[in-house]
Amino acid sequence: MIDRIDGLLKEIEELKAKNMEELEQLRIKYLSKKGIVNDLMADFRSVPAEMKKEVGMKVNLLKTRATDKINELKARFEEQVEADSKPDLTRSAYPIELGTRHPLNIVRNEIIGIFSRLGFVLADGPEVEDDWHVFSAMNFAEDHPARDMQDTFFIESHPDIILRTHTSSVQSRVMEHAQPPIRIICPGRVYRNEAISYRAHCFFHQVEALYVDRNVSFADLKQVLLYFAQEMFGPDTKIRLRPSYFPFTEPSAEMDISCNICGGKGCPFCKGTGWVEILGCGMVHPNVLELNGIDSKEYTGFALGMGIERITNLKYQVKDLRMFSENDVRFLREFEAAN
């Protein structure tokens, strides 16, 4: 047994490990409860009485040497990690500037957060769509002006394939594959064939929300709109609804909020009226429910949609839509505090 211990002592002195994982395996091999040292201690009971003292001292020496060797290797690895984590003294002294979120993303995330608190879940769909999901499933008549080339970008080789003009196509895709209750919010980029100016662009961003269930009423819609307006623009914000027309809702309305600049007193921004329009809304048209496979006699719903650029303009008074897509770093730095 003494010869075996002497061999283990030489073995331990030559121990090496490439990393902490290998070192842990060595520790288990020699010092764990099922390790070599513990096995020797278990065999110690069968050692003759006259040899117990010598063997006992050898076993204790083996345990001490094994512990010291493993601790020594562990210290080397820790020193290496510490050395690797020291600052690079050859690096430039100039600080690396942090970026900032785009203002549209800031507002988009805020809108999603507000509706998420009401139980709405995120839904997404393709930007290159077909005529059915963008128009037909949304109750657009064949001769509706929105189908005209002046508003919609068509794929030349496939007349039925278009760039979506609104995110309502996502609502259609969800409704055709799911049964109520449906409560979704659909943010995304949309495209329209318009001249680019300070107040219009050929692409912009929308957020639409849809809620379909039994006994959904216009009162539910109004409460959601009031909650959204006060969460986004402040608790003193007031709303008003004006009758309007959209093919996919009936009745339809446009919503104004009290001007967040003058507080409703009247200013150049709200053109002296004290009100600013921010979104369109209404009860989902029964035809839309039926076209997408939902029984309009059993279920009702409401939908609403807004332009993210519009909300961002109101929140941060950005007067030129083109600034959102020009990638001017000076403009983006103005929103560092809003991240």
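Student: At its relative accessibility, does threonine 165 count as buried or exposed?

Tutor: In this predicted model, the relative accessibility of threonine 165 is 5%. Since buried means under 20% relative accessible area, threonine 165 counts as buried.

Student: Where does threonine 165 lie, and which residues does threonine 165 touch, not counting residues up to four places away in sequence?

Tutor: Threonine 165 sits in the loop that runs between strand S4 (158-163) and helix H7 (168-177). Leaving out residues up to four places away in sequence, the residues that threonine 165 touches are Val134, Phe135, Asp151, Thr152, Val190, Tyr191, Arg192 and Gln206.

Student: Phe135 also belongs to an aromatic cluster; which residues form that cluster?

Tutor: Phe135, which is among the contacts of threonine 165, is one of the members of an aromatic cluster. The cluster is formed by Phe135, Phe140, Phe246 and Phe248.

Student: What is the geometry of the aromatic pair of phenylalanine 115 and phenylalanine 120?

Tutor: The structure holds nine aromatic pairs, and phenylalanine 115 with phenylalanine 120 is one of them. Their centres are 5.4 Å apart, and the angle between the planes is 90 degrees. Because planes over 60 degrees apart count as edge-to-face, this pair is edge-to-face.

Student: How many residues apart in sequence are the parts that the pair of tyrosine 211 and phenylalanine 302 ties together?

Tutor: The ring centres of tyrosine 211 and phenylalanine 302 lie 5.6 Å apart with the planes at 70 degrees, so this pair is edge-to-face. Both tyrosine 211 and phenylalanine 302 are buried. Tyrosine 211 belongs to strand S6 (residues 203-213) and phenylalanine 302 to strand S10 (residues 300-307), so the parts that the pair ties together are separated in sequence by 91 residues.

Student: Arginine 183 lies over the face of tyrosine 211; at what distance from the ring centre?

Tutor: Arginine 183 lies over the face of phenylalanine 120, at 5.8 Å from the ring centre. Arginine 183 also lies over the face of tyrosine 211, where the distance from the ring centre is 4.3 Å.

Student: How do the residues lining the largest cavity divide into nonpolar, polar and charged?

Tutor: A search of the whole structure finds one cavity of 30 Å³ or more, and the volume of the largest cavity is about 30 Å³. Its lining consists of Met138, Gln171, Phe248, Thr249, Val284, Val288 and Ala303, and Phe248 is also a member of the aromatic cluster. The lining residues of the largest cavity divide into five nonpolar, two polar and no charged.

How values were computed:
Residues numbered from 1 in each chain as written. Predicted model: local features only at pLDDT ≥ 70, side-chain atom pairs only at ≥ 80, totals over all residues. Heavy atoms only, no water. Helix = DSSP H or I, 4+ residues; strand = E, 2+ residues; numbered from the N terminus. Buried < 20%, exposed > 50% of the residue type's maximum accessible area, 1.4 Å probe, protein only. Contact = heavy atoms within 4.5 Å. Phe/Tyr/Trp six-rings, centres within 6.5 Å; stacked < 30°, edge-to-face > 60°. Lys NZ or Arg CZ within 6 Å of the ring centre and 35° of its normal. 1 Å grid on protein atoms, 1.4 Å probe; cavity = no way out; pocket = protein on both sides within 12 Å on 5 of 7 lines; lining within 4 Å. Points joined across faces, edges and corners; volume = space filled by probe spheres on them. Nonpolar A, V, L, I, M, F, W, Y, C, P; charged D, E, K, R; others polar.
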